[in-house]
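This report covers one structure, with attention to its aromatic rings and one of its helices. The sequence and the model are shown first.

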Amino acid sequence: MNFSSRKQFIFLIALAIVVVVVPRTILAQNCGCEEGLCCSKWGFCGTGNDFCGQGCQGGPCFSASASSNGGSVADVVSNAFFNGIADQAASTCEGKGFYTRANFLEALQSYPKFGTMGSTDDSKREIAAFFAHVTHETGHMCFINEINGPSGDYCDEDNTEYPCVSGKNYYGRGPIQLSWNFNYGPAGKSIGFDGLNDPDIVARDAVISFKTALWYWMNNCHSLITSGQGFGPTIRAINGQIECDGRNPQTVARRVEYYTEYCQQLGVETGDNLTC
């Protein structure tokens, strides 16, 4: 195949990917790539430098394969840091006593790259970013279940790989409010629970709950921080369709406020690109 023909072939393949993937990307707020594929900066799934290199949003991004910096997340996420967030939840909150540092650290054992890649400052920024989103999503670890979640429709009926189960609802649950059947299915497959038939386990088992948050983070946000893209892209990866591009600047501002506060507590600069 000559160079011109190869370019045309690549263009046709890329066009096919756009047709197939973009509707799901918009709906899922992430690529939703199969295991082993990278989510490129443009929102397409694939392998190689074009997908796993600069701007890679999730999956086995090249930046995520760097060696560990030897840091300890447990040292950074001290009792004082964690409880400084959780203690703000009222005693009547459903998450009171559910979200604990011990449960977080147990879940963390399945994700050794979290908070340990890149420079020491990168690690602190990643931890600050993760807990900024957790704080916002759960109201300082008050909520396990999404407010009014059961009344929402979180079934993507077009997703045949992870089809919805009759009578089950895939509304937000856990520290980063895992939502939709196309997230519950692969999260369960990766972690080891039946996400489609028993989504409520995310609200019953605190370790699994934290694992779903870390699973989503490592697949969609981790490389954004370790590659220096900034906090703003993580907002887009988590709730961009609702908040970014001027849709809800107030919630974006709150996420940035928490992130800035936690960076200050951890003694690290926030970096650039704070908003989306």
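## A stacked pair

F231 and Y259 are both buried, where buried means under 20% relative accessible area, exposed over 50% and partly exposed in between, with a 1.4 Å probe and protein chains only. The model is predicted: local features need pLDDT of at least 70, side-chain atom pairs count only at pLDDT 80 or more, and totals for chains, interfaces and linings use all residues. Residues are numbered from 1 along each chain as its sequence is written, and side-chain values use heavy atoms, leaving out hydrogens and water.

The rings of F231 and Y259 form a stacked aromatic pair, 4.3 Å centre to centre with 0° between the planes. Rings of Phe, Tyr and Trp (its six-membered ring) pair if their centres lie within 6.5 Å; planes under 30 degrees apart count as stacked, over 60 as edge-to-face and the rest as tilted. F231 lies in the loop between α10 (222–226) and α11 (232–243), and Y259 in helix α12 (residues 249–266), so the pair ties together parts 28 residues apart in sequence. Helices are DSSP runs of H or I with at least four residues, strands are runs of E with at least two, and both are numbered from the N terminus.

## Other aromatic pairs

The count comes to 18 aromatic pairs. One of them, Y170 with Y184, is tilted, at 5.6 Å centre to centre and 55° between the planes. Y170 is buried, with a relative accessible area of 1%; for Y184, also buried, the value is 0%.

## Helix α7

Nine of the eleven residues of α7 (residues 181–191) are buried, among them F182, Y184 and I191. G192 follows α7 and has a positive phi, near 110°.
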